[in-house]
Amino acid sequence: MCRNRTVPVEFIRFAPDLTDAAFAAEFHRIRAAATRADGYPPFNEQSLFDAAAGHRSPFLVADGDVVVGAGILGAGELDLVVAPTRRRLGHGAAALASLLADASGELRIWSHGDHPAARELADRFGFTAERTLLQLRLDLAGATAIGVPAEPQDPARAGIRADIEIGAFRPGQDDAEWVALNALVFAAHPEQGALTAGDLTARLAEPWFAADDFLVARDAGDGRMIGYNWLKVETGSPVGEIYVVGVHPDAAGRGVGRRLMLAGLDRLRERGCVTADLYVEADSTAAVDLYRSLGFTERTIDVQYRRRPR
């Protein structure tokens, strides 16, 4: 909600995707400026994948000839960010009002970093908080390396009873099994659980992908995949991300998740990372407890708001 003057938004320009060079340049300029100012990106990875593939529509918000914001709309979700130098002038409220005028169905919108202005806008336009996503961080340089194999008395490995083998993901060979396991593990998750074979292929083609950073746990007896820890390390970055961790429900309580996490942290150290990041739903109590027991602490909070159909 603005506290200064209100500037009307003259137009919102949509594009089918991000293939238009001029449009994409403005979109990514706003995105980069917001990331620098806020310390976290305004759009999550799935939103950017959807915009690039044409599944959702990216747009620019302009005040006259000046681009003041950017966003992504479609599939019942809205992402919106205002350029840092143009905030508190009413652009966000004006853009949201314009977008909502043509959107009568259920709509969800993310507030990355739980921004106070986003909370005000959500309340003003009838949105209610629905999900909370935590970003947790671990200082790898300061933490003690676990090492494999571990001594039985090692408290970090207490409770590990699974007889498993951890190896690298095999592109082309493991695809179908992983997609099926991921769908099972995240059946209740609106984004992760919906990943298809095509979505996996797109991620395997990303510049940051490395098969050795995609750790797969298999039952030592029958060889079936029962868990995974996918790591994401951008070239030259000191920060490694625990991209996604999953464990088959049948293997719950055997320490598979802890074993995969420890192996993943060791791998990030091998890659030269000094910090590990991950995202987790705040209500995933078992996962949050595991990560905190390994030394992860809270960095930011993302909140998703929902507006029910009118």
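Colleague: Helices (H or I, at least four residues) and strands (E, at least two) are DSSP runs here, numbered from the N terminus. Which helix is leucine 184 in?

Modeller: Leucine 184 is in helix 5. Before going on: this is a predicted model, with local features needing pLDDT of at least 70 and side-chain atom pairs counted only at pLDDT 80 or more, while totals for chains, interfaces and linings use all residues. Residues are numbered from 1 along each chain as its sequence is written, and side-chain values use heavy atoms, with hydrogens and water left out.

Colleague: Fine. How many helices and strands are there in the protein?

Modeller: The protein has eight helices and twelve strands. Of its 310 residues, 47% are buried, where buried means under 20% relative accessible area, exposed over 50%, and partly exposed in between (1.4 Å probe, protein chains only).

Colleague: And what does the accessible surface come to?

Modeller: About 14,600 Å², and 52% of that belongs to carbon and sulfur atoms. The areas are from the Shrake-Rupley method with a 1.4 Å probe; for residues, only the protein chains shown count as cover.

Colleague: What share of the contacts joins residues at least 24 apart?

Modeller: Taking contacts between residues at least 6 apart in sequence, 71% join residues at least 24 apart. Contact means heavy atoms within 4.5 Å.

Colleague: Back to leucine 184. What does it touch?

Modeller: Leucine 184 touches His248 and Pro249, if residues up to four places away in sequence are not counted. The C-alpha atoms of leucine 184 and histidine 248 are separated by 7.5 Å, and the two residues are 64 apart along the chain. Leucine 184 counts as partly exposed because its relative accessibility is 42%.

Colleague: What about helix 5 and helix 6, how do their axes cross?

Modeller: Helix 5 (residues 175-185) and helix 6 (residues 197-204) have axes that come within 10 Å and cross at roughly 115 degrees. Axes are lines fitted to C-alpha atoms, for helices over the stretch in contact, and angles run from 0 to 180 degrees between N-to-C directions.

Colleague: Left-handed or right-handed?

Modeller: The crossing of helix 5 with helix 6 is right-handed.

Colleague: Is leucine 204 buried or exposed?

Modeller: Leucine 204 is buried, because its relative accessible area is 19%. Leaving aside neighbours within four places in sequence, leucine 204 is in contact with Phe169, Pro171, Asp175, Phe209 and Trp230. Proline 171 is 33 residues away in sequence, and its C-alpha is 7.9 Å from that of leucine 204.

Colleague: New topic. Where does UniProt place the "binding site" feature?

Modeller: The unreviewed UniProt entry places it at Val245, Gly246, Val247, Ala252, Gly253, Arg254, Gly255, Val256, Gly257 and Arg258. UniProt positions are in the numbering used here, feature names are shortened, and annotations may be inferred rather than shown by experiment.

Colleague: Where is glycine 253?

Modeller: Glycine 253 is in the loop between strand 10 (239-247) and helix 7 (256-270). Glycine 253 counts as exposed because its relative accessibility is 55%. Valine 256, in contrast, is in helix 7 and counts as buried because its relative accessibility is 1%.

Colleague: And aspartate 250, where is that found?

Modeller: Aspartate 250 is also in the loop between strand 10 and helix 7. With a relative accessible area of 56%, aspartate 250 is exposed. From aspartate 250 to isoleucine 226 is 8.2 Å, C-alpha to C-alpha, and 24 residues in sequence.

Colleague: Backbone next. What is phi of alanine 75?

Modeller: Alanine 75 has a positive phi of about 55 degrees, although it is not a glycine. Alanine 75 is in the loop between strand 3 (66-74) and strand 4, and is exposed, with a relative accessible area of 73%.

Colleague: What about phi of arginine 88?

Modeller: Near 65 degrees, again a positive value in a residue other than glycine. Arginine 88 is in the loop between strand 4 and helix 3 (91-101) and is partly exposed, at a relative accessible area of 30%.

Methods: Left-handed = near helix turned anticlockwise from the far one by under 90°.
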